[in-house]
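Hi,

Here is the structure I promised to pass on. Have a look at it first, and then read my notes below.

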Amino acid sequence: MVPYSVIILTYNEEQHLPRLLESIAALNAPVFILDSGSTDQTIQIAQQAGAVVQQHPFENHPKQWDHALKIFDIQTPWVICFDADQIVTPELKELLFNFKDEDNQNINGIYFNRKNFFKGRWIKHGGYYPIYLLKMFRYKAGYSDLNEGMDHRFIVPGKTIVWKQGHILEENLKENNISFWIDKHNRYSDLVAREEVERMQNLRHQTLKPSLLGSPDERTAWLKRLWWQLPRYIRPLLYFGHRMIFQLGILDGRTGIIFHFLQGFWFRLIVDVKIDEILNSTPKRVAGNQPSPLKFAFKFIVLFLLFYYFNILFLGLTSPGNHYNAFLATYLNYIQGLRTLLLSVSAFILNILGFDVIYNHIDLLVAGKGAIRLAYDCLGLGVMSFFSAFVIAYPKQFRSKILFLVSGLLGIQFLNIIRFVLLALFWNKKTNGIIDHHTIFNIVIYILIMISLYFWVKRDDKKARYKSQESR
């Protein structure tokens, strides 16, 4: 007896269903089809193929799959769940032919590798291949995740494995018509926007524990959690750029680029617009506690420009020239004070490491190694201006701002000192002329600042939500 049954969801799939049924016919597995009220020949095609057919009104994919797993009389230890527009390739069919339950007693779920086609072209890049989907699992062990509205998935406790060499081909023939694709994703964007608003209001939560190093679905959950924290309207651009450049989507050619633009940018942008529409239509008692993004952005820009250009102005007043001010340069020169602090601490660390060091008010020399000169650009005043402006402008408690601001500024200077120590020991301007160490440092420090700001904002937001729930 075949150790698995096949379950298929359908709705007006007379174009796709015959292909799928033909691709699995040789497996001789029981086939169960849950239809959503098709008005074409889908039911007749299913019955002629010997499938058991039931009908159930469609609400969303998670609930439809949940109903399918409960209504059918499954007699096999395993089930395989297909969408009607998927087919089983010869590679996957070979794996299924050789599958035996007794050889997989410690396994509860199996991921298949999917190929996705758009307008007849295989989308090979842009993060769309490989994509692993949990499609085969032990009956009664796996279940449909009802906390997901659009991006449906099954959940299986226990051990899972990935069949990387077997594929499901998803032809999406109906989507060769761009109007069909746009209409469908316009409807999908309504559901995704509503779902994300519900997550903002703590009405919907992830079932899986997000983990970057976990199973394919746990990794997806981690990435989705990160996506929800990114700023709207900016994240579609970041995502599209990531798919095109870092995931090589540009190699998919004209058709592939169109797909990545539509699915990775246009669709995500429409979702963000609809999220704002939902939030703007929400009574103020629900959305009124959220800080104003425009007010924060205005304060941040004003403070950043104030800090940044004040430092430049002060540098001009304390440097020899037409606007030189001797009093400021002698008694209030915080720029030179910072430079001296960085040089002296760097020299102290190098002395502890056993190196002979000499330094003055601007230069540091390590015997037998190299010399560095601390120009204005080396001090990190621009980075500190950005960080300070963000922390001060963001609507948080004063104590939280002060603690985070002080620790952040100290952290920036600590990293700056480490940089100067390494430059003094290893930097050779003649051999490293192409690489600008200021640029490298700024990239690294801004990444670290963004990460620290993210966790600082989320930590205080969680505390605020917790206190709000306690007061109810």
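Asp272 belongs to helix α8 and Arg235 to helix α7, so the contact ties together parts that are 37 residues apart in sequence. Keep in mind throughout that this is a predicted model.

A second bridge also involves α8. The side chains of Asp276 and Arg232 meet at 3.0 Å, N to O. Asp276 lies in α8 (residues 253-281), while Arg232 sits in the loop between α6 (216-229) and α7 (235-246), so this pair ties together parts that are 44 residues apart in sequence. How covered are the two partners? Asp276 has a relative accessible area of 17% and is buried, because the cut-off for buried is under 20%. Arg232, at 27% relative accessibility, counts as partly exposed.

The structure holds 15 salt bridges. Some of the charged residues join up: Asp145, Glu148, Arg153, Glu195, Arg199 and Lys224 are linked in a network of salt bridges. One of the links there is Glu148 with Arg153, whose side chains meet at 3.1 Å, N to O. Glu148 counts as buried at 1% relative accessibility, and Arg153 is buried too, with a relative accessible area of 6%.

Now the overall picture. The protein chain has 15 helices and 14 strands. Its radius of gyration is 30 Å, well over the 23 Å that the globule rule gives for 472 residues, so the chain is more spread out than a compact globule. The C-alpha trace spans about 95 × 55 × 45 Å along its principal axes. Of the 472 residues, 44% are buried.

Which residues does Leu9 pair with? Its bridge partner in β2 is Leu34, and in β4 the partner of Leu9 is Asp83. Ile7 stands opposite Phe32 in β2.

How enclosed are β1 and β2? In β1, 7 of the 7 residues are buried, so the strand is largely enclosed by the rest of the structure. For β2 (residues 31-35) the count is 5 of 5, so β2 is largely enclosed by the rest of the structure too. In a regular strand the side chains alternate between the two faces of the sheet. In β1, both faces are covered: Tyr4, Val6, Ile8 and Thr10 are buried on one side, and Ser5, Ile7 and Leu9 on the other. Both faces of β2 are covered as well, with Val31, Ile33 and Asp35 buried on one side and Phe32 and Leu34 on the other.

β12 and β13 (residues 363-366) pair over 3 bridges, and Ile358 stands opposite Leu365 in β13.

Last, the surface. Phe414, Leu415, Ile418, Leu422, Phe426, Ile440, Ile443, Val444, Ile447, Leu448, Ile451 and Phe455 form a nonpolar patch there, with about 1,100 Å² of accessible area together. The elements giving two or more residues to the patch are α14 (398-426) and α15 (437-470). Which helix supplies the largest share of the patch? That is α15, with 7 residues. Ile451 has its place in α15, and at 43% relative accessibility Ile451 counts as partly exposed.

Cheers

Conventions: Residues numbered from 1 in each chain as written. Predicted model: local features only at pLDDT ≥ 70, side-chain atom pairs only at ≥ 80, totals over all residues. Heavy atoms only, no water. Patch = residues over 30% accessible without salt bridge, like charges linked within 9 Å, V, L, I, M, F, W, Y side chains within 5 Å. Areas by Shrake-Rupley, 256 points an atom, 1.4 Å probe, with all protein chains shown as cover. Salt bridge = Lys/Arg side-chain N within 4 Å of Asp/Glu carboxyl O. Helix = DSSP H or I, 4+ residues; strand = E, 2+ residues; numbered from the N terminus. Buried < 20%, exposed > 50% of the residue type's maximum accessible area, 1.4 Å probe, protein only. Pairing = 2+ DSSP bridges. Rg over C-alpha atoms; globule rule 2.2 N^0.38 Å.
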